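The questions below ask what lies behind the words used for this structure. Each answer sets a value against a definition and then concludes.

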Amino acid sequence: MSSSALLIFTHHELGASVHISLFGYSPDYELLTAVLGFVTAVLGFVSFSKSNRLSLLETRIEKLKEYAINHQVLDYQYIDIVLLGPRRCGKTSAAKLWTEAWSDISILKPSENWEVSEISVFELERCEFLDTLFEVNRTMRKELRLRIHDYPGEDRFRLEAIKKIPNLNKPVLLLFFEVDANNAGPISTNANNSYYSRAFMESVEKSPGLASGLAKVIIVFNKCDLITWPEKEARDELARINQDAINRIESLFSGKLETFLISAANNTHMISLLGSASSAALGKEDQKRLDREMRTVFEKRQQ
Ligand SMILES: Nc1nc2c(ncn2[C@@H]2O[C@H](COP(=O)(O)OP(=O)(O)OP(=O)(O)O)[C@@H](O)[C@H]2O)c(=O)[nH]1
Ligand SMILES: [Mg+2]
């Protein structure tokens, strides 16, 4: 093409027009055609990739909407359950069976640090709501979720727990007692008296709002499989031989106390205990439903 030829391109987003002015010389049509062809190809590609990108975005949004419709939104109501008690009374065994029902508790080692484990036990409600982001109706499921705090049975961990409890929202306290027995029935050990000691009382009394902030306190006699007596007699005898420790606990938490005899080894009253602890946050109807459903869930998990 001649050097005096003037080319003016006007470029729009989805197309282009080309104006050519010639001064004196005839243009090189082959070159001009090639340039025009190239420009058209570039503009065509730009417009193609733009519409391609748009349809890709639309597909992605549709897929996200589909995901949102088909996937429930999970919300949790937590209950904190704190396990305290002397060494070897079975706190970790209980925590394990509640959260991992298949655990072999006979091989458990003494805990070295405190641990928190979680488990959802109950569907509290299910409702539809409008997700304003995707403009679709979605399902929201609210579950009751237990957060189990398991402390090793040493005094320093007991003190640590007492410091932490006031930061929890209406926790339930499970006070485990050591249980032992021989052929003549339950026998007294010093472990409970020394754990639920005067020092324990004082540390609770000194911790402002601890006792009043608790939803419930449950005294737990684990290992009742070791006692061959009928439950009522075993319960009375355990209360008698642990009278001092129980008196101290009653003086701190009267009005909120329950007592359970359980066995982590043969699963006696394990679910009732968990149900009672969980029910601290529920109304009467939900409590009944919780008890029924929890049995089914745990029975299934243990098969
Ligand atoms: N017979 C019998 N043994 C049990 C029962 N529950 C737990 N044990 C055994 O008691 C031992 C101690 O249990 P753990 O659950 O580790 O006790 P813990 O209270 O967590 O002890 P620390 O972590 O040391 O404070 C383990 O050998 C368990 O198998 C029970 O119900 N019956
Ligand atoms: Mg333990």
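**The sheet and its helices**

Q: What makes E4 and E5 a pair, and in which sense do they run?
A: In this predicted model, E4 and E5 are joined by 15 bridges in the antiparallel sense. Two strands pair when at least two bridges are found between them, so E4 and E5 count as a pair. One of the links is that of Glu 123, whose bridge partner in E5 is Glu 143. The hairpin of E4 and E5 has 4 residues between the strands, and Glu 135 there takes a positive phi near 55°.

Q: Why is one side of E4 and of E10 left without a neighbour in the sheet?
A: The open sheet has 6 strands in the order E4-E5-E3-E6-E9-E10, with mixed pairing. E4 (115–131) and E10 stand at its edges and have a single partner strand each, so one side of each lacks a neighbour in the sheet. On average, neighbouring strands of this sheet are turned by 20° against each other, direction ignored.

Q: What makes E6 and E9 a pair?
A: Strand E6 (residues 172–177) is joined to E9 by 6 bridges, and the two run parallel. The cut-off is at least two bridges, so E6 and E9 count as a pair. Within E9, Val 217 is the bridge partner of Leu 173. Helix H9 (residues 270–278) packs on the sheet and touches E3, E4, E5, E6, E9 and E10, its direction making about 165° with that of E9.

Q: Why is H2 called largely enclosed?
A: A residue is buried if 20 or more other C-beta atoms lie within 10 Å of its own. In H2, 8 of the 9 residues are buried, so the helix is largely enclosed by the rest of the structure. Among them are Lys 91, Thr 92, Leu 97 and Trp 98. The buried residues of H2 pack against E3, E4, E5, E6 and H9. H2 (residues 91–99) runs at about 160° to E5.

Q: How do you know that the buried residues of H7 line one face?
A: The buried residues of helix H7 (residues 231–241) are Ala 234, Leu 238 and Ile 241. Seen down the axis of H7, they fall within an arc of 70°, so they line one face of the helix. They pack against strand E8 (185–187), strand E9 (216–221) and strand E10 (257–261). On the face turned away from this buried side, H7 carries the exposed residues Lys 232, Glu 233, Asp 236 and Arg 240.

Q: Why does Trp 229 count as partly exposed?
A: Buried needs 20 or more neighbours and exposed needs 12 or fewer. Trp 229 has 16 C-beta neighbours inside 10 Å, so it counts as partly exposed. Trp 229 is found in the loop between E9 and H7. Not counting residues up to four places away in sequence, Trp 229 touches Gly 185 and Ala 234. Pro 186 is 43 residues from Trp 229 in sequence, yet their C-alpha atoms are 8.8 Å apart in space.

**Around ligand 1**

Q: Which residues come nearest to ligand 1?
A: Of the 22 residues around ligand 1, Gly 90, Thr 92, Ser 111, Gly 153 and Ala 265 come nearest. The shell divides into 8 nonpolar, 9 polar and 5 charged residues.

Terms used:
Residues numbered from 1 in each chain as written. Chains lettered and ligands numbered in written order. Predicted model: local features only at pLDDT ≥ 70, side-chain atom pairs only at ≥ 80, totals over all residues. Near = placed C-beta within 6 Å. Nonpolar A, V, L, I, M, F, W, Y, C, P; charged D, E, K, R; others polar. Arc of directions from axis to C-beta. Contact = placed C-beta atoms within 7 Å. Axes fitted to C-alpha atoms, helices over the stretch in contact; angles between N-to-C directions.
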